[in-house]
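Thank you all for coming.

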Amino acid sequence: MHRDKLLTLIAGYTDRYPDEDISRFRHFVERQPRCFERDCWDDGHVTGSAVVLDSAGTSMLMTHHAKLGRWLQLGGHADGDPDPLRVACREAEEESGLSIVPIQDEILDLDIHAIPARGPDPAHYHYDVRFLLQVERPGSLQLTRESLALRWVLLDDVASVTSEESILRMVRKFQESTTH
């Protein structure tokens, strides 16, 4: 089944974070065969995003999202691709113009967030699978139509750019993993 890889990743995530209730996320993937399709409006669709670190591992690349008008992590729609890590890497490269590589192939974080109705798209949910990525080699950032701006933010300063709890949670998870 095309959802097996994601379900295996979710099982590994559950083992690492047994106190997090991710049952809604897992049940969505199990019951929705079209979960990777952007036009799956019934309950939403899977997206892939990431904490993208600089080569020193001290700063996170953030985008001032054009549609939502907020500073967020890089990422986007699966568009039918059942490999969320590949989606996160592809989206990070498309949105930054940089060459990106995974630091690990395990899920860093899972998040479900509401997306408001916009144009012909109804309100829906993003079931976001989040990874830890790093710039393969430094380069110039390339702004796309999806971003108003791109910016490297020191991990310790991310809270000065966004109060979005799910982003702060990802940063905490990374920082906690480096202190153990």
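Which residues have the most contacts inside the largest nonpolar core? Before I reply, please keep in mind that this is a predicted model, in which local features need pLDDT of at least 70 and side-chain atom pairs count only at pLDDT 80 or more, while totals for chains, interfaces and linings use all residues. Residues are numbered from 1 along each chain as its sequence is written, and side-chain values use heavy atoms, with hydrogens and water left out.

The residues in question are I10, V29, V46, V52 and L133, and the core they belong to has 32 residues. By a nonpolar core I mean a set of buried Ala, Val, Leu, Ile, Met, Phe, Trp, Tyr and Cys residues joined through side-chain atoms within 4.5 Å; buried stands for under 20% relative accessible area, exposed for over 50%, and partly exposed for what is in between, with a 1.4 Å probe and protein chains only. Two or more residues of this core come from each of α1 (4-16), α2 (23-31), β1 (45-53), α3 (84-96) and β6 (124-135), where helices (H or I, at least four residues) and strands (E, at least two) are DSSP runs numbered from the N terminus. There is also a second, separate core, of 17 residues, which includes L108, V158, I167 and F174.

If we set aside its neighbours within four places in sequence, L133 is in contact (heavy atoms within 4.5 Å) with residues including A50, V51, V52, L53, L85, A88 and I103.

Let me turn to α1. This helix has 13 residues and reaches 19 Å from its first C-alpha to its last, close to the 18 Å expected at 1.5 Å a residue, the expected span being 1.5 Å times one less than the number of residues. Its buried residues are L6, L7, L9, I10 and Y13, and they line one face of the helix, because seen down the axis they fall within an arc of 160°, taken from the directions from the helix axis to the C-beta atoms. On the other side of α1, T8 and D15 are exposed. The cover over the buried residues includes α2, β1, α3, β5 (109-115), β6 and α5 (165-179). L7, with a relative accessible area of 19%, is buried, and its C-alpha is separated by 7.1 Å from that of R26, 19 residues apart along the chain.

Now the cysteines. With a disulfide taken as a pair of cysteine sulfur atoms within 2.5 Å, the count is zero. For C35 the closest cysteine sulfur is that of C40, at 7.2 Å, which is too far for a bond. C35 is buried at 0% relative accessibility, and C40 is buried at 1%.

Finally, the aromatic rings. Rings of Phe, Tyr and Trp (its six-membered ring) pair if their centres lie within 6.5 Å, with planes under 30 degrees apart counted as stacked, over 60 as edge-to-face and the rest as tilted; the whole structure has three such pairs. Y13 and Y17 form a tilted pair, since their ring centres are 4.8 Å apart and their planes are at 40°. F25 and Y127 are edge-to-face, at 5.5 Å centre to centre and 80° between the planes, and this pair links helix α2 to strand β6, 102 residues apart.
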